[in-house]
Amino acid sequence: MAKNMSFKLSSLFLALLIMFGFSVSPASAEVLITNFSGTTTPSTTSVPSNYHHFYSTKDSVSVKFKVDEFIQTAGKPGVEVKLQRSNGFWWSTVTSKIVTSTSAVTLTGSTGSGDWRIVVTEVPVPTGYDKPPLYKAKSTRYSGSVTGY
């Protein structure tokens, strides 16, 4: 009788464990991966980029990007934001946007888990000269967050 009761209890426990495993799937949860912020460096000889690297175990990532302040605009505010993924040899751009206001934008990518990076580059304003200064100096302060799902 005791052997039969322990078999029923273990069967019940196993059935509950399986039901719980199917109802709560950790793969479907949204996870904050990282926050980032930075300021682009003003330059008149090149168009510098800021890089923010992260690793995601989720299949999809979502980047919320917001310009906090256009510090120097050279008459034409704007930064290009690229979401890139590495295949182990080179970086491929998954999506990109040019941000010209302080409103938040979202970039998403669904190419699987792995190494990712966000590239923030000022939209260049050429001076028209063939010698330095080649570009008008621009600077922007920004912030954002990355979530995986």
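## Thr140

Thr140 counts as buried because its relative accessibility is 1%, where buried means under 20% relative accessible area with a 1.4 Å probe and protein chains only. Thr140 is placed in strand β8, residues 139-148, strands being DSSP runs of E of at least two residues, numbered from the N terminus.

The model is predicted, so that local features need pLDDT of at least 70 and side-chain atom pairs count only at pLDDT 80 or more, while totals for chains, interfaces and linings use all residues. Residues are numbered from 1 along each chain as its sequence is written, and side-chain values use heavy atoms, with hydrogens and water left out.

## Thr40 and Glu122

Thr40, in the loop between β1 (31-39) and β2 (49-56), is likewise buried, because its relative accessibility is 2%. The side chain of Glu122 makes a polar contact of 2.5 Å with that of Thr40 and one of 2.6 Å with that of Thr140; a polar contact is a pair of N or O atoms within 3.5 Å, of which, within protein, one must be able to donate a hydrogen and the other to accept it, and residues adjacent in sequence count only if both atoms are side-chain atoms.

Beyond four places in sequence, the residues in contact with Thr40 (heavy atoms within 4.5 Å) include Thr140, Val120 and Tyr142. Thr40 and Tyr142 are 102 residues apart in sequence, yet their C-alpha atoms are 8.5 Å apart.

Note on methods. Helices (H or I, at least four residues) and strands (E, at least two) are DSSP runs, numbered from the N terminus. Buried means under 20% relative accessible area, exposed over 50%, partly exposed in between (1.4 Å probe, protein chains only).
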